[in-house]
Amino acid sequence: MVYTFSQSCWAWCYEEAVCCLYSPLNVCLASGDLHKRDFHHYINQWGHFLIAFPQAYDIVLQSLEDQQEDVQAAILERRNFITQELQWHASFIQECDLDPTAETTQHSVTAKYVNFLLATASGNQDMVHLEIPTPAEKLKIAAHVLSAITPCVRVSATLAKLIKPLTRRNKRPRRFNMWIDRYSSDEFEALTVQTEGLLDWLSNSLTDEERKVLGEVYHQAMKLEVEFFYSRLSVPTKLIPVSLLHNREEERLLLFSVFDFACTAVDSLQGLEQMTLSSAKEKSIVGLPPRPGRRPRPGNTHLQMSRADLQKAWDAIVVFDKREMDKWLLKILAIPIAVGFDYDALCKVLEQLSVIRDNGISRIIETGVLKGLSLSRMQLAGTRMNLYYGCVNFFEKVFRNEALNASVHVISCWCEDLMRSALPGESDKLNLNGNEFDYETGTVTRRMVLSPSTKFLYFNDAIQKYEREHGKPHATVYIGYSVEDLLCLLNADIGIVFGSDQCIRDVGGWFGVRFVPLFEGTVAKQREFFESGYSSDCEWKGPPGTLYTVSNWLDIHALILGCDLVPDEP
């Protein structure tokens with residue numbers, strides 16, 4: 001797919017868009033819980049944006065040459081649309097009986113954007129400095145102004161469309177309905193698309209380097225939008241961002257995440273398979289000689305299989321595991337579908353799966369397919385692992401934030417050395433739990449099994465250890481992927497299912513587990529908090545049997561850490 005310039009810019013700013021969506025202001029707006037004075041503040045400050053848009057267009061129109069009539073006409077059309085939007089804004093304020101004079105002063109973050117836009121239009125902005133007022137340079141300034149305005153209208157249209165379906169259960173004031181309906185309307189979408197089209201047209205005449213600067217203007221405007229959405233909220237949400245809602249000195253946020261398929265795009269066992277195959281010889285070797293300078297160990301007569309035999313052994317493991325899993329799933333089909341959430345019945349079938357998984361791990365170890373691994377190969381493979389976008393940045397932010405009292409636990413059935421090499425840096429906040437190897441003998445010296453029961457045991461032990469030493473943690477977050485994570489997910493305060501694995505949804509759904517998109521769930525919890533009268537008893541935990549789904553780490557980042565999504569400088 002070939003993206004237009006504006007589409008590429010919007011894709012570049014996806015992180016900022018997610019931040020805006022999870023801002024307390026938009027969560028409260030979507031839940032019907034936005035305080036009246038906060039809504040008024042938001043409306044009035046947005047009005048200053050709308051006033052600044054035609055001012056910037058006027059500066060550009062005054063500078064353009066007469067021979068640039070087609071550009072002038074296109075910009076004048078955009079200006080007229082904004083004028084119509086200002087008229088709607090004024091009528092909205094009047095119809096909702098809001099005081100148009102209540103906030104005539106720009107908030108500091110509003111002024112920051114307005115000054116940025118007008119400086120861009122005047123050619124006095126650092127990224128956009130007009131050296132020689134040639135027709136080409138003036139045309140470039142027009143493109144920069146469009147690049148500073150476009151993200152504001154695009155994010156408004158996108159957020160309104162995402163929020164609108166979640167507002168059906170709200171007992172919202174009529175003014176909320178009017179606002180969301182306006183910015184999710186086909187009319188406003190058309191205005192947005194036409195603005196993007198003009199930006200694309202103006203960008204076509206620029207060089208690659210000039211288009212790069214144009215994209216930086218777009219990105220800077222989007223970052224100022226994030227500041228705008230996070231600028232003020234009189235009534236706290238209590239729910240987001242999760243990391244800021246606890247006593248940082250006395251309470252700790254406990255974060256758990258599986259490594260395979262949540263952090264990584266592939267199963268690390270597949271990586272181990274490739275490492276053993278690449279190090280295998282063409283023929284079998286019995287009684288490997290000791291390394292130079294080392295004494296031979298008694299009984300060192302283990303078999304290092306040939307590459308062909310090793311491949312057959314790995315293939316047999318995969319086939320056997322799939323057959324056992326299929327048998328287990330068929331047994332579930334014999335159980336009546338639960339009416340409501342049936343935790344006890346789910347635990348029973350997961351106990352059966354635990355036996356299957358425990359036996360499967362033992363079989364892998366006992367067949368000797370892991371022999372031939374080395375620490376250097378393991379570390380190199382870890383540095384080359386394909387981690388999901390946003391995963392590394394999330395952990396780096398948690399580790400480097402000295403004010404954040406958090407403990408991170410990353411779990412894998414396989415090698416701890418692999419995880420340590422793949423994840424960013426060393427931190428006293430990071431706890432890894434995986435198998436440990438004796439690379440010389442090819443044996444596992446400490447086993448971490450991926451069965452539901454062993455994962456749940458580790459999860460509970462970590463929480464109980466913290467409670468013994470420090471008291472009850474503020475919140476527990478578990479990020480899982482597969483059916484083996486169900487017990488931990490359901491017992492965490494916030495259980496997040498990463499990715500699209502169908503098995504966890506089929507098995508969980510059979511026993512009444514609900515899978516809700518994370519933002520939808522966040523809005524529902526805020527609505528519950530609002531309808532309870534802001535009860536101190538309303539926490540993230542519950543309702544029973546509800547898990548939250550995500551397809552990327554940006555949603556997790558925005559929920560837990562808030563708007564701090566920009567990667568740290570190296």
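1. Basis. The model is predicted; local features need pLDDT of at least 70, side-chain atom pairs count only at pLDDT 80 or more, and totals for chains, interfaces and linings use all residues. Residues are numbered from 1 along each chain as its sequence is written, and side-chain values use heavy atoms, with hydrogens and water left out.

2. Overall make-up. The chain holds 21 helices and 12 strands; helices (H or I, at least four residues) and strands (E, at least two) are DSSP runs, numbered from the N terminus. Of the 570 residues, 53% are buried, where buried means under 20% relative accessible area, exposed over 50% and partly exposed in between, with a 1.4 Å probe and protein chains only.

3. Contacts along the chain. Contact means heavy atoms within 4.5 Å. Among contacts between residues at least 6 apart in sequence, 76% join residues at least 24 apart.

4. Nonpolar core. The largest nonpolar core has 182 residues, and those with the most contacts inside it include Phe-53, Trp-328 and Phe-395. Such a core is a set of buried Ala, Val, Leu, Ile, Met, Phe, Trp, Tyr and Cys residues joined through side-chain atoms within 4.5 Å. Helix α7 (residues 135–163) gives the largest share of this core, 14 residues. At least three residues of the core come from each of domain 1 (5–237) and domain 2 (239–280 + 305–564); the domain bounds come from an automatic or database domain assignment.

5. Phe-395. Apart from neighbours within four places in sequence, Phe-395 is in contact with Ser-257, Cys-263, Val-408, Val-410, Leu-423, Pro-424 and Trp-553.

6. Strand β12. Five of the five residues of β12 (residues 546–550) are buried, so this strand is largely enclosed by the rest of the structure. Thr-546, Tyr-548 and Val-550 lie on one side, Leu-547 and Thr-549 on the other, and both faces are covered. In a regular strand the side chains alternate between the two faces of the sheet.

7. Partners of β12. Strands pair if DSSP finds at least two bridges between them. Strand β10 (residues 494–498) pairs with β12 in the parallel sense over three bridges, with Ile-496 opposite Tyr-548. Strand β11 (residues 514–517) also runs parallel to β12, joined by four bridges, and Arg-514 stands opposite Thr-546.

8. Helix α4. The 28 residues of α4 (residues 36–63) should span 40 Å at 1.5 Å a residue, and the end C-alpha atoms are 42 Å apart, which agrees. The expected span is 1.5 Å times one less than the number of residues. Helix α4 is mostly covered, with 20 of its 28 residues buried.
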